[in-house]
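Please open the model in your viewer and keep the selection panel at hand.

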Amino acid sequence: GSTLWVSGFQAPTSWNSADTVNLPDTGDNIVEVKSLSDQVFVIYKDRSQWVGIGAGNLFPFIFELKDRQIGPVSPASVVQAENDHYYLGQDGDVYRFDGNKCRAIGGYVRRAIQSDLDFANSGRAHGFFDEINREIWWFWPSFRSIDGFGGIVYRLPYNDVPGAFSPLALY
């Protein structure tokens, strides 16, 4: 669906029927809602990215449609790394969202992911951020792997070194 319920102020178990927001403009369903900063959260839908911004109004948030890119393959595939979100998309590409713009960054690994990802079980895909090594790891149900999972590692850009992917299937 496209309806988001907002709990009462400092009352996470209080749900008032007036505190709902519909985001039907893009005709897609909510996949994940994730905090981006203290004042901003992102609503990832099947084919769009929205932000909720804290406001001191009667309704506590302002909602804005920011982009219309493919959404995440699963809620657990959305990973916060430093100031941005990264996710494995429903089309097998990897995306970066900075709160304003969503960009596909998968490049050459997109085809490898597409040919390996079992889309029928893609809801089991997940990722995590290794802060020490500045790497994002994703795992998904695989058609080709003996143990049933494929994966990829993305190393964040550093100074003048661009970001880079390493398929886990090669390790």
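**The largest pocket**

The lining of the largest pocket divides into five nonpolar residues, three polar and one charged, where Ala, Val, Leu, Ile, Met, Phe, Trp, Tyr, Cys and Pro count as nonpolar, Asp, Glu, Lys and Arg as charged, and the others, Gly among them, as polar. This is a predicted model, in which local features need pLDDT of at least 70, side-chain atom pairs count only at pLDDT 80 or more, and totals for chains, interfaces and linings use all residues. Residues are numbered from 1 along each chain as its sequence is written, and side-chain values use heavy atoms, with hydrogens and water left out.

Select Val6, Ser7, Gly8, Phe9, Gln10, Asp19, Ala55, Pro60 and Phe61 to show the lining of this pocket (a pocket is an open set of points on a 1 Å grid over the protein atoms alone, where a 1.4 Å probe fits, with protein on both sides within 12 Å along at least five of seven lines; lining residues have an atom within 4 Å of a point). The space in the largest pocket is about 200 Å³, a volume being the space filled by probe spheres set on the points, which are joined across faces, edges and corners.

Next select residues 149-155, strand E13, of which five of the seven residues are buried, so that the strand is largely enclosed by the rest of the structure (buried means under 20% relative accessible area, with a 1.4 Å probe and protein chains only; strands are DSSP runs of at least two residues, numbered from the N terminus).

**The open sheet**

Finally, turn to the open sheet of four strands, whose order is E7-E8-E9-E10 with antiparallel pairing. Its edge strands are E7 (79-81) and E10 (102-104), each of which pairs on one side only. Strands E8 (residues 84-88) and E9 (residues 94-97) pair in the antiparallel sense over four bridges, and histidine 85 has phenylalanine 97 in E9 as its bridge partner.

Terms used. Buried means under 20% relative accessible area, exposed over 50%, partly exposed in between (1.4 Å probe, protein chains only). Two strands pair if DSSP finds at least two bridges between them.
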